[in-house]
Amino acid sequence: MDLRIFTEPQQGATYDTVLRIAKATEDLGFDAFFRSDHYLRMGDVDGLPGPTDAWITLAGLARETRRIRLGTLVTAATFRLPGVLAIQVAQVDQMSGGRVELGIGAGWFEEEHAAYGIPFPDDRFARLEEQLDVVTGLWATEAGKTFSYEGEHFRLTDSPALPKPTQPKPPVIIGGHGAKRTPRLAARYADEFNMPFASIKQTEEQFGRVRAAARKADRAADDLVYSNALVICVGRDDAEVARRAAFLGREVAELKENGLAGSPAEVVDKIGRYAAVGSSRFYLQAMDMTDLDHLELIASQVAPQLD
């Protein structure tokens, strides 16, 4: 069972804050450190000192960590041209010695696009599909050969398809609740399908759709890793759980229903129920990036029960 720490730095974090939690993630034995790719805070927070760029951050972490996987959950396809994104991910993969993963989606947060002058087109899903075509095509092009692409949204002519990542292909993560296009896209391009912030029932149903789409695409359904992203709120006692829930501005009962919350035993039980429907990897959304004791508690009292 892989446990990965997943953060939301747009809510208010400097690079140094991100670095501290990433190093704690590594030191405590977690599998990976992931961050969101957003430029605008959400909800009732000030977001100070302002956003940090996901791929610039990961480049820094690539040089300051040694073991953990690093990635985005998820990069918005609207933020970067596909050729540029392929270069960025390949370079960070080189900088990390081959530890990078690319979570990518169509982009959904219209306000952040308006705030920073980023186009927010209506046909984002079609653009995402072409972006995946281009990024994976560039990585797959043999050394010494060129890559050309003629799509509706993107055109590349005689690209040298460089640089190459250290990994033959950095794993691609696709996720979401969409019942038709998302499973089809995952079946074609993804190494991992991630179900974000969903119930066990919703997870089981969506995993089933992705498996069916994989089989329809003549791909073994078990070729993909199936994962969940869920908010985490663990405490040694009720008071500690309540304190961490208050930081999130949420009720304990609601968090227990919709996330991974409560005592270590309760969280282990809930993870087991997700595992029973096919999930083998969990992205634990740690919203308080200064609460490293929270990570230590998960590492010492939750993770050992999942071996």
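**Entry 1**

I began with glutamate 129, which counts as buried at 16% relative accessibility, where buried means under 20% relative accessible area, exposed means over 50%, and partly exposed lies in between, with a 1.4 Å probe and protein chains only. I note at once that this is a predicted model, in which local features need pLDDT of at least 70 and side-chain atom pairs count only at pLDDT 80 or more, while totals for chains, interfaces and linings use all residues. Residues are numbered from 1 along each chain as its sequence is written, and side-chain values use heavy atoms, with hydrogens and water left out.

Which side chain does glutamate 129 meet in a salt bridge? I found arginine 184, at 3.0 Å from N to O; a salt bridge here is a side-chain nitrogen of Lys or Arg within 4 Å of a carboxyl oxygen of Asp or Glu. Glutamate 129 belongs to helix α5 (residues 124–140) and arginine 184 to helix α6 (residues 181–189), so the pair ties together parts that are 55 residues apart in sequence. Helices (H or I, at least four residues) and strands (E, at least two) are DSSP runs, numbered from the N terminus. Arginine 184 is partly exposed, with a relative accessible area of 39%.

**Entry 1: Other salt bridges**

I then looked up arginine 155 and glutamate 150, whose side chains meet in a salt bridge at 2.9 Å, N to O. Both ends are exposed by the cut-off: arginine 155 has a relative accessible area of 54%, and glutamate 150 has one of 63%.

Next I turned to aspartate 191 and lysine 169, where the salt bridge has an N to O distance of 2.4 Å. Aspartate 191 sits in the loop between α6 and β9 (192–196), and lysine 169 in the loop between β7 (155–159) and β8 (172–175), so this pair ties together parts that are 22 residues apart in sequence. Aspartate 191 counts as partly exposed at 27% relative accessibility, and lysine 169 is partly exposed too, with a relative accessible area of 32%.

A search of the whole structure gave me 27 salt bridges. I also traced a network of salt bridges that links Arg236, Glu240, Arg243, Arg244, Asp291, Asp293 and Glu296.

Is tyrosine 274 buried or exposed? It counts as buried, at 1% relative accessibility, and its place is in helix α10 (residues 264–275). Leaving aside neighbours within four places in sequence, I listed the contacts of tyrosine 274 as Ala198, Ser199, Ile200, Thr203, Asn228, Leu230, Ser279 and Phe282, where contact means heavy atoms within 4.5 Å.

In helix α11 (residues 292–302) I found these buried residues: His294, Leu295, Leu297, Ile298, Ala299 and Val302. An α-helix has 3.6 residues a turn, so residues three or four places apart point the same way. The cover over the buried residues of α11 includes β1 (2–7), α1 (15–27), β10 (225–234), α8 (238–248), α10 and β12 (281–285).

**Entry 2: Backbone details**

I checked for cis peptide bonds and noted one that joins leucine 73 and valine 74, with omega about -10°; valine 74 lies in the loop between β3 (69–72) and β4 (75–76). Another cis peptide bond joins leucine 162 and proline 163, with omega about 0°, and proline 163 is in the loop between β7 and β8.

The loop between β7 and β8 also holds alanine 161, which is not a glycine and yet has a positive phi, near 55°; alanine 161 counts as buried at 3% relative accessibility. In strand β7 I looked at aspartate 158, where phi is near 50°, again a positive value in a residue other than glycine.

**Entry 3: The chain as a whole**

Last, I stepped back and counted eleven helices and twelve strands in the chain. The radius of gyration is 19 Å, close to the 19 Å that the globule rule gives for 307 residues, so the chain is as compact as a globular protein of that length; the radius is taken over C-alpha atoms, and the rule is 2.2 Å times the number of residues to the power 0.38. Of the 307 residues, 55% count as buried. Among contacts with a separation of 6 or more, residues 24 or more positions apart account for 72%.
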